[in-house]
Amino acid sequence: MNIYPDLYLDSVKNISSELLKKNNIKGLILDVDNTLIDYYKNLLDGAEKWCKDIKDDGIKCMIVSNSHKKEKVETVAKKLEIPYILFAKKPFKSGFIRASEQMKLAPEEIAVVGDQIFTDVIGARRCNMFAILVKQVAKKDILITAVKRPIENLVIKSYLKRKGK
Ligand SMILES: [Mg+2]
């Protein structure tokens, strides 16, 4: 299985509606931890404006998080004014499929956006969705993620090498 993302960007804010339309993407499935908020639950600077602009351009957005912390995820979802799914068990397919049904979009029309290869990118691949890997908002991770990070960095390194960067 291909475990590489389709795009590797510095931040969700680098995702423009032009870029999405070029790839026939009509909806975004957004990760929360380290993608939209940092370890201390601070929302990424400018995330609200970015999300509003993208929605105004007709792109549907939805949060799909593995977190079970309702208050934390709901706070982000309310600020961005988008729906959310908790405890999604990424990289398993169920959360992604529920999101695509709610958005009424085909898998090929959806891009999964997240900071982790093993949950976000592999989950997207399994569902035939477009995969956008972003750099983590802050360097600090919860323990389980910290353990996986060195392996992910190797995968990213090899991805960049393949792309000739
Ligand atoms: Mg994450």
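Helix α3 (70–80) is followed by E81, whose phi is positive, near 55°. Helices here are DSSP runs of H or I with at least four residues, and strands are runs of E with at least two, numbered from the N terminus. The model is predicted: local features need pLDDT of at least 70, side-chain atom pairs count only at pLDDT 80 or more, and totals for chains, interfaces and linings use all residues. Residue numbers start from 1 along each chain as its sequence is written.

The buried residues of α3 are V73, V76, A77 and L80. They span an arc of only 100° around the axis, which puts them on the same side of α3. The arc is taken over the directions from the helix axis to the C-beta atoms. Buried means that 20 or more other C-beta atoms lie within 10 Å of the residue's own; exposed means 12 or fewer, and partly exposed is in between, with C-beta atoms placed from the backbone. An α-helix has 3.6 residues a turn, so residues three or four places apart point the same way. E71 and K78 are exposed, on the face of α3 turned away from its buried side. Cover for the buried residues of α3 includes α2, β3 and β4 (84–85).

Helix α2 covers residues 47–56, and its buried residues are A47, C51 and I54. Seen down the axis of α2, these fall within an arc of 65°, so they line one face of the helix. The face turned away from that buried side carries exposed K49 and D56. Cover for the buried residues of α2 includes α1 (17–22), β3 (60–64) and α3. Just after α2, G58 takes a positive phi of about 90°.

**The sheet**

Six strands form an open sheet with parallel pairing, in the order β1-β6-β5-β2-β3-β4. β1 (7–9) and β4 stand at the edges, each with a single partner strand, so one side of each has no neighbour in the sheet. Strands count as paired if DSSP finds at least two bridges between them.

| Strand pair | Bridges | Facing residues |
|---|---|---|
| β2 (27–30) and β3, parallel | Four | L28 opposite C61 |
| β3 and β4, parallel | Two | I63 with Y84 |
| β2 and β5 (110–114), parallel | Four | G27 opposite I110 |

Four of the five residues of β3 are buried, so the strand is largely enclosed by the rest of the structure. β2, α2 and β3 make a right-handed β-α-β unit. β3, α3 and β4 make a right-handed unit too. Right-handed means that, with the strands pointing away from the viewer, the path from the first strand over the helix to the second runs clockwise.

α3 lies across β3 and β4, running at about 170° to β3. α4 (94–103) packs on the sheet, touching β2, β3, β4 and β5, and its direction makes about 155° with that of β3. Axes are lines fitted to C-alpha atoms, for helices over the stretch in contact, and angles run from 0 to 180 degrees between N-to-C directions.

**A lysine in a loop**

Is K90 buried or exposed? K90 is buried, with 26 other C-beta atoms within 10 Å. The residue sits in the loop between β4 and α4. Leaving aside neighbours within four places in sequence, K90 is in contact with V64, N66, G95, T119, D120 and G123. Contact means C-beta atoms, placed from the backbone, within 7 Å. K90 and G46 are 44 residues apart in sequence and 26 Å apart in space, C-alpha to C-alpha.

Note on methods:
Two residues are in contact if their C-beta atoms, placed from the backbone, lie within 7 Å.
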